[in-house]
Amino acid sequence: MILTVTLNPCVDRTIEIEKFLYGGTNKVLRTQEDISGKGINVSLALQNLGIQNKAAGFSYQEDKEKLERFFKEIHCPYILYSVPGALRVNVKIFDTEKRVMSEFNDKGREVTEQDVEGFLALLDKEWDKTDILVVDGSVPPGVPRSIYRDLIQKANEKGVKTILDASGDLLSLALPAKPFFVKPNRGELEILYGKAFRDKEEMLSFGKTLIQGGVHYLCISLGEEGAVFLTESKVYQAKPVKVLVQGVQGAGDSMVAGACLAMTEGLPDKEVFRYAVACATGSLLHPGTELCERQDLEEMLSKVEIEEIK
């Protein structure tokens with residue numbers, strides 16, 4: 001069983017503009033609204049791939065039925081702790097000419113210490129049924145910034161592998177807990193490092209220190225330059241697959257789902273990376289927050305070129 005955690009669920013409102021004009025009037029081509037949040041996106045991608053998983057997180061009372069209806073529609077089991085308020089709304093503006101997304105993300109409604117304790121009590125019932133725990137995305141005000149560190153430590157005690165996809169202090173505080181798989185992008189690593197990398201060599205050197213610190217897999221997204229993947233003994237690079245990009249939201253979450261699939265099937269390191277990149281690429285074929293489908297994965301697997309660079 002794969003368990004995904006989304007502590008700050010949301011509604012993503014994706015607006016397509018032919019050519020985004022900052023400070024001007026923009027004609028909307030298309031608007032789409034989706035239930036979202038990084039962990040929820042991973043669960044959706046896993047459901048698309050036919051992989052058993054369960055979603056966990058907070059459910060805001062004003063939108064409780066909306067969130068539960070979403071999970072039922074995608075046939076994904078869920079455990080939710082109810083808190084006051086409504087789902088936050090994130091606005092995504094996709095420039096169809098430049099194929100670029102601009103995001104305006106709400107911080108979310110504050111939760112209490114009792115809410116956090118209540119959610120953790122729910123999660124305690126799931127450890128014995130869980131093989132992989134996915135912790136990612138932002139957290140709402142009121143949740144301690146050490147929450148991912150604490151969850152990873154508990155997972156390690158239970159023999160559960162963890163995948164961490166977070167940024168800022170949520171990432172930096174969690175790394176000492178030794179997550180199994182970490183998926184930052186280059187910008188998030190630079191923030192963690194405290195400066196911009198001069199070149200790829202400096203980035204890889206820093207990445208190796210994370211591996212030496214106990215991270216088993218480190219997958220660094222490089223946008224249009226593809227991705228790199230570090231293990232204890234190897235460094236792999238994937239070239240970007242040329243596709244017509246319909247949307248970029250959720251590609252990183254599809255990448256996590258692809259890695260989960262490969263890990264559950266016991267595939268070797270290089271194939272874990274291939275599946276991750278194939279799913280991320282497959283997600284680019286869909287607009288809004290629609291994510292990679294099984295047929296996308298199967299089509300992209302043969303197109304992903306991976307070379308060992310170290």
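Strand β4 makes the greatest contribution to the lining of the largest cavity, with four residues. Strands and helices are DSSP runs numbered from the N terminus, with at least two residues (E) for a strand and at least four (H or I) for a helix. The model is predicted, so that local features need pLDDT of at least 70 and side-chain atom pairs count only at pLDDT 80 or more, while totals for chains, interfaces and linings use all residues. Residues are numbered from 1 along each chain as its sequence is written, and side-chain values use heavy atoms, with hydrogens and water left out.

One cavity of 30 Å³ or more is found in a search of the whole structure. A cavity is defined on a 1 Å grid over the protein atoms alone as a set of points where a 1.4 Å probe fits but cannot get out, and lining residues have an atom within 4 Å of a point. Grid points are joined across faces, edges and corners, and a volume is the space filled by probe spheres set on the points. The volume of the largest cavity is about 40 Å³. Its lining consists of T6, P9, I40, A55, A56, G57, F58, L67, F71 and L80. Two or more lining residues come from each of β4 (53-60) and α2 (64-73). By class, eight residues of the lining are nonpolar, two are polar and none is charged. In this scheme Ala, Val, Leu, Ile, Met, Phe, Trp, Tyr, Cys and Pro count as nonpolar, Asp, Glu, Lys and Arg as charged, and the others, Gly among them, as polar.

The strand β4 also belongs to an open sheet of ten strands, with mixed pairing and the order β5-β4-β1-β8-β9-β10-β11-β12-β13-β14. At the edges are β5 (78-83) and β14 (306-308), each of which pairs on one side only. Two strands are taken to pair if DSSP finds at least two bridges between them. Strands β4 and β5 run parallel and are joined by six bridges; Y60 has V83 as its bridge partner in β5. Together with α2, these two strands form a right-handed β-α-β unit. A crossover is right-handed if, with the strands pointing away from the viewer, the path from the first strand over the helix to the second runs clockwise.

Further along the sheet order, β1 (residues 2-6) pairs with β8 (residues 132-136) in the parallel sense over four bridges, and L3 has L133 as its bridge partner in β8. Strand β8 pairs with β9 in the parallel sense over five bridges, with D165 of β9 as the bridge partner of D136. Four of the five residues of β9 (residues 161-165) are buried, that is, under 20% relative accessible area (1.4 Å probe, protein chains only), with exposed meaning over 50% and partly exposed in between. Strand β9 runs parallel to β10 (residues 181-182), to which two bridges join it; the partner of I163 in β10 is F181. A right-handed β-α-β unit is made by β9, helix α5 (residues 168-174) and β10.

Residue S302 is located in the loop between α10 (294-301) and β14. Its relative accessibility is 66%, so S302 counts as exposed.

Definitions and conventions: On a 1 Å grid over the protein atoms alone, a cavity is a set of points where a 1.4 Å probe fits but cannot get out, and a pocket is an open set with protein on both sides within 12 Å along at least five of seven lines; lining residues have an atom within 4 Å of a point.
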